[in-house]
Amino acid sequence: METLTRGLLCHHARIHVATTHPTEFIDLTARLEQLVAEAGLTFGIVNVQTLHTTTAVVVNEHEPLLLADFTTLLEASAPDDGRYRHDDTNVRIVNVTEEERPNGHAHCRALLLPSSACLNVTSARLLLGRWQRVFFVELDGPREREISVLVFGEAGR
Amino acid sequence: METLTRGLLCHHARIHVATTHPTEFIDLTARLEQLVAEAGLTFGIVNVQTLHTTTAVVVNEHEPLLLADFTTLLEASAPDDGRYRHDDTNVRIVNVTEEERPNGHAHCRALLLPSSACLNVTSARLLLGRWQRVFFVELDGPREREISVLVFGEAGR
Amino acid sequence: METLTRGLLCHHARIHVATTHPTEFIDLTARLEQLVAEAGLTFGIVNVQTLHTTTAVVVNEHEPLLLADFTTLLEASAPDDGRYRHDDTNVRIVNVTEEERPNGHAHCRALLLPSSACLNVTSARLLLGRWQRVFFVELDGPREREISVLVFGEAGR
């Protein structure tokens, strides 16, 4: 008699990070690999979703000088000293909070980056190329941030 | 005797929208939440995919002045009065239709934005952060548009 | 007696491409449609993930002049004659390899594009709009490249 070990697995976790700079790249790769191992996923996906609107999730190389280049690129794409209607407290009436601070530039930079990364898992391993690492990108730090991770697919086989 | 209520759920729906402006952000969040509830999904993903090449799907804050900032940013990234070979009717021979109109700028803006959003569902709720809303982005309106939504994961538990 | 034919399907494949230009758009659509058919998926997703950090996966129209417009846009977003700290061999010490070549511009362009595309499958067909095609984007060619494809969902129904 065989035991059916192949089944649907759906596991959710949250990652909390405290950022320390206005723009910052935080490497989540090791934590994601650990979540896949703990969940026992063999084939499927890991969907990494930020829960904020001035942040992003990207996949690229973890080389410090390159991350500095990325920061320069993002600063040029939407300068923090530009004019943003979102920051005009004379006319804005929607979603205004006590802790409001000018961050139109951060929203604009976030628009140009993905808010999630959907990654494949095969043979119980998060599949990444030689230089690929998964980054949470802070664009309006420092702040406390939260990332949702869904590990979803087949367990056993 | 127990009844096994945990099972694979895979439900597909289409959302139709009629846009009214060249660039427009249409908030799909309430419709997506309704689709998750109707399908009875408890854990899994919702994959929201545009079916057009001059549109996008993004996640950001629903604040009208911010959406105006986004429009300004997109206009600057690929100006509609720029020169696009795609719009050069003297040389172009591929995919030319009766209703052709110059929209190279809209394709270029679409290239810089995601064409889909993969969102996590936990405890029967579409998981979004406090300020996150899901937008269909029209970049070449007004037009009739269609969005594909896959609700996929576990039902019951 | 009925046989239960509806079940979880999770199939992984790799696509290999050899690019021939610095920037190049390679249409993967036919190969992806074939993978869906071969796997026998009826409802679910196809997640197409590049395994490199100077490449991307995008969905747009396959019109050669438009692809030339995209190349122009990417070149402007991060010029290949710009200054990138990633390429400064006097100061860089991380991830330096024998075959290193200046490619900071290619990483920056990749940052602005998605590294994967999650596409819906319904009624045993990869769901794409009339003009949508799925492209692997080379940003630092020519090179040998590899793309991971996960076909994931329900088989039978």
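B:Glu100 is partly exposed, with a relative accessible area of 31%; under 20% counts as buried, over 50% as exposed and the range in between as partly exposed (1.4 Å probe, protein chains only). The model is predicted: local features need pLDDT of at least 70, side-chain atom pairs count only at pLDDT 80 or more, and totals for chains, interfaces and linings use all residues. Residues are numbered from 1 along each chain as its sequence is written, chains are lettered from A and ligands numbered from 1 in the order in which they are written, and side-chain values use heavy atoms, leaving out hydrogens and water.

**Salt bridges**

The partner of B:Glu100 in a salt bridge is B:Arg92, which is buried at a relative accessible area of 9%. A salt bridge here is a side-chain nitrogen of Lys or Arg within 4 Å of a carboxyl oxygen of Asp or Glu. Over all chains, the structure holds 24 salt bridges. Some of them are listed below.

| Salt bridge | N to O distance |
|---|---|
| A:Glu138 and A:Arg145 | 2.8 Å |
| B:Arg92 and B:Glu100 | 3.0 Å |
| C:Arg92 and C:Glu100 | 2.9 Å |
| A:Arg92 and B:Glu63 | 3.8 Å |
| A:Glu61 and C:Arg92 | 3.7 Å |

Both A:Glu138 and A:Arg145 are buried. In chain C, C:Arg92 is buried at 8% relative accessibility, whereas C:Glu100 is partly exposed at 31%. Shared partners link A:Glu61, A:Glu63, C:Arg92 and C:Glu100 into one network of salt bridges.

**Chain A with chain B**

Chain A contributes 35 residues to the contact and chain B contributes 38, contact meaning heavy atoms within 4.5 Å. The two chains bury about 3,000 Å² between them, with 62% on carbon and sulfur atoms; buried area is the accessible area (1.4 Å probe) that two parts lose on being put together, summed over both. On the chain A side, A:Leu8, A:Arg85 and A:Leu111 lose the most area to chain B, together 22% of what that side buries.

The interface of chain A and chain B has 3 salt bridges and 15 residue pairs in polar contact, both residues at pLDDT 80 or more. A polar contact is a pair of N or O atoms within 3.5 Å; within protein, one must be able to donate a hydrogen and the other to accept it, and residues adjacent in sequence count only if both atoms are side-chain atoms. Strands S1 (7-18), S3 (41-50), S5 (116-122) and S8 (144-155) and helix H3 (104-111) of chain A each supply at least two residues of the side that touches chain B. Helices (H or I, at least four residues) and strands (E, at least two) are DSSP runs, numbered from the N terminus. S1(A) gives the largest share of that side, 5 residues.

**Chain A with chain C**

A rotation of 120 degrees with 0.0 Å of shift along its axis superposes chain A on chain C, with an RMSD of 0.0 Å; this is the relation of a three-fold axis. The copies use different surfaces, as 13% of the contact residues of chain A recur in chain C. Copies are superposed by least squares on the C-alpha atoms of residues with pLDDT of at least 70 in both.

Here 38 residues of chain A are in contact with 35 residues of chain C. The buried area is about 3,000 Å², and carbon and sulfur atoms give 62% of it. The interface has 3 salt bridges and 15 residue pairs in polar contact. Among the elements of chain A that give two or more residues to this side are strand S4 (55-60) and helix H2 (64-77). H2(A) provides the largest share, 9 residues.
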